[in-house]
Amino acid sequence: MTDNAVASRTPLTLLGAGAMGTALARAWLAAGHEVTVWNRTPSRAEALAADGATVARTAAEAVAAHRLVIACLLDDASVDEALDGADLTGRDLVNLTTGTPAEGRARAAWAEARGARFLDGGIMAVPPMIGVPDSGGYVFYSGSPEAFEEHRDTLAVPAGTRWVGSDPGFAALHDVALLSAMNGMFAGMLHAFALIRREDIAPKDFAPLLADWLTAMAPAVHQTADQLESGDYTKDVVSNLAMQAAGIPTFLRTAEEQHVSPELLTPYLELMKRRVAQGHGDEDGTGMIELLMEGTH
């Protein structure tokens, strides 16, 4: 890397040197960015000094160092605490702290009232994926389009970028929506392994079967999206809800026979039964979204 290339890198401030913050800092430092870092526990920030980071004594001092300020802290309250008293005038604040859509929108208004442009981010990666080309990790961004365009290349150094709109809450919403789907998948995976656990079936032999089956089922997300947009939940149905619900007793009896609690499955199965009872047995499972939406009123 030439001296001119290093000089062209945008300098930045990073608030937070936990596992994710440290991975982010090292990725930017390795790419030649000047990084000023602050952490509430100073020793964690000081560990980055060996990699070339400048350690600030206070968060306010760190914010004053550079126009681009990135927060990767524990929660929204931690962001409040860290930025209390800091002058954000003219700064671009990028919040990579995990939060809710409402927190993202409130933080955007808070930052703008203090003279800063704001971006919220949802990190779809774990620390070992940060700074690793082709790891598959990326970050959702929403908020100020101008700030995103200006800093896109810098933000793309640790992980890929996915712009999801000017609504500051959309990054968190996309983040939590994908993680919610992941947790649902994990619930089914754990139940499947529990069913075979007491038998002479090696988990390592079962795992490829499970992975292949989940992969084969993944394209169902596209059919669900198509049905939602068309409003026709019976469109292209292969196995309707009535047929699926007919298998519920088998699921429950098998769990009982294997001495496995069905608690990871029962909420989904109960929704299925309710939708069929409402006269929608000819639909796909998409219609169960209507039942979930009822819970918001």
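This report describes the pockets and salt bridges of a predicted model.

## Largest pocket

The largest pocket has a volume of about 2700 Å³. Its lining is made up of 48 residues, and those nearest the centre are G184, M185, L214, M217 and Y268. Sorted by class, 34 of the lining residues are nonpolar, 12 are polar and 2 are charged.

Helix α8 gives the largest share of this lining, with 14 residues. Among the other elements that each supply at least two residues are α9 (203-217), α10 (220-230) and α13 (266-277).

## Second largest pocket

The second largest pocket has a volume of about 300 Å³. It is lined by 14 residues, with N39, R40, L73, L74 and S78 closest to its centre. Helix α5 (residues 76-83) contributes 3 residues, the largest share. The lining divides into 6 nonpolar, 5 polar and 3 charged residues.

## Salt bridges

The model has 15 salt bridges. One of them joins the side chains of R67 and E150, at 2.0 Å from N to O. R67 sits in the loop between α4 (59-65) and β4 (68-71), while E150 belongs to helix α7 (residues 145-155), 83 residues away. R67 is partly exposed at 37% relative accessibility, and E150 is partly exposed at 41%. Both residues also belong to a salt-bridge network with D92 and R117.

Another salt bridge pairs D80 with R107, at 3.1 Å from N to O. D80 lies in helix α5 and R107 in helix α6 (residues 101-113), so the bridge ties together parts 27 residues apart in sequence. D80 counts as partly exposed at 36% relative accessibility, whereas R107 is buried at 3%.

Notes. Residues are numbered from 1 along each chain as its sequence is written. This is a predicted model: local features need pLDDT of at least 70, side-chain atom pairs count only at pLDDT 80 or more; totals for chains, interfaces and linings use all residues. Side-chain values use heavy atoms; hydrogens and water are left out. On a 1 Å grid over the protein atoms alone, a cavity is a set of points where a 1.4 Å probe fits but cannot get out, and a pocket is an open set with protein on both sides within 12 Å along at least five of seven lines; lining residues have an atom within 4 Å of a point. Grid points are joined across faces, edges and corners, and a volume is the space filled by probe spheres set on the points. Helices (H or I, at least four residues) and strands (E, at least two) are DSSP runs, numbered from the N terminus. Ala, Val, Leu, Ile, Met, Phe, Trp, Tyr, Cys and Pro count as nonpolar, Asp, Glu, Lys and Arg as charged, and the others, Gly among them, as polar. A salt bridge is a side-chain nitrogen of Lys or Arg within 4 Å of a carboxyl oxygen of Asp or Glu. Buried means under 20% relative accessible area, exposed over 50%, partly exposed in between (1.4 Å probe, protein chains only).
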